[in-house]
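Here is a short briefing on one protein chain. Keep the sequence and the 3D view side by side while you read.

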Amino acid sequence: MADFPANLDQVLEPIPRWETPHKWANRPYTVLGLSFTPHSQIDGYKEQGIASWYGRKFHGQKTSIGETYDMFQ
């Protein structure tokens with residue numbers, strides 16, 4: 001398990017930002033027999049809800065697009 005930074009109480013809350021959709025992580029896929037096709041156009045699309053997140057178990061592991069997950073960033 002990762003050691004928590006000494007200044008964890010000073011880490012700022014994350015600020016959402018726009019990122020270009022990743023070419024490999026936004027292809028159609030199937031999970032448990034269900035097929036999903038991500039939107040290719042987002043103009044006019046607005047949604048609010050609960051998002052998935054990575055926790056301690058995934059700290060230091062690769063994400064779906066190959067980035068190393070750092071739960072403190």
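Where is the place of T20 relative to strand 1? T20 sits in the segment before strand 1. The model is a predicted one. The protein has 2 strands and 0 helices, and buried residues make up 5% of its 73 residues.

**Overall form**

- A compact globule of 73 residues would have a radius of gyration near 11 Å, whereas this protein has 16 Å.
- The C-alpha trace spans about 40 × 30 × 20 Å along the principal axes of the protein.
- Take the contacts with a separation of 6 or more: residues 24 or more positions apart account for 34% of them.

**Surface and charge**

- The side chains include 7 positive and 8 negative ones. The centres of these two sets lie 9 Å apart.

**Strands and the loop between them**

- Strand 1 covers residues 29–31, and strand 2 covers residues 34–36.
- L32 is found in the loop between strand 1 and strand 2.
- Is L32 buried or exposed? Its relative accessible area is 87%, so L32 counts as exposed.
- L32 has a positive phi of about 50°, although it is not a glycine. Most residues other than glycine have a negative phi.

**The aromatic pair**

- How many aromatic pairs does the structure hold? It holds 1.
- The partners are Y29 and F36, with ring centres 5.3 Å apart. Their planes meet at 25°, so the pair is stacked. The cut-off for stacked is planes under 30 degrees apart.
- Both values matter to the description: a pair of aromatic rings is described by the distance of the centres and the angle of the planes.
- Y29 is partly exposed, at 41% relative accessible area. F36 also counts as partly exposed, at 35%.

- T20 is exposed, with a relative accessible area of 66%.
- T20 and L8 are 12 residues apart along the chain, and their C-alpha atoms are separated by 29 Å.
- T20 and G49 are 29 residues apart in sequence. From C-alpha to C-alpha they are 20 Å apart in space.
- G49 lies in the segment after strand 2. G49 is exposed, with a relative accessible area of 66%.

**The segment after strand 2: T63**

- T63 is found in the segment after strand 2.
- Why does T63 count as buried? Its relative accessible area is 18%, and buried means under 20%.
- Which residues does T63 touch, not counting those up to four places away in sequence? T63 touches Y54 and Y69.

**The segment after strand 2: T68**

- T68 lies in the segment after strand 2.
- T68 is partly exposed, with a relative accessible area of 47%.
- Leaving aside neighbours within four places in sequence, T68 is in contact with G60, Q61 and K62.
- T68 and F58 are 10 residues apart in sequence, and their C-alpha atoms are 9.1 Å apart in space.

**The segment after strand 2: M71**

- M71 lies in the segment after strand 2.
- Which residues is M71 in contact with, leaving aside its neighbours within four places in sequence? They are F4, G55, R56 and H59.
- R56 comes up again in the spacing along the chain: M71 and R56 are 15 residues apart. Their C-alpha atoms are separated by 7.1 Å.

**To recap**

- The protein has a radius of gyration of 16 Å, and buried residues make up 5% of the 73 residues.
- Y29 and F36 form a stacked pair.
- T63 is buried, whereas L32 is exposed.

Technical notes
Residues numbered from 1 in each chain as written. Predicted model: local features only at pLDDT ≥ 70, side-chain atom pairs only at ≥ 80, totals over all residues. Heavy atoms only, no water. Helix = DSSP H or I, 4+ residues; strand = E, 2+ residues; numbered from the N terminus. Rg over C-alpha atoms; globule rule 2.2 N^0.38 Å. Buried < 20%, exposed > 50% of the residue type's maximum accessible area, 1.4 Å probe, protein only. Contact = heavy atoms within 4.5 Å. Lys, Arg positive; Asp, Glu negative; His and termini not counted. Charge placed at Lys NZ, Arg CZ, Asp CG, Glu CD. Phe/Tyr/Trp six-rings, centres within 6.5 Å; stacked < 30°, edge-to-face > 60°.
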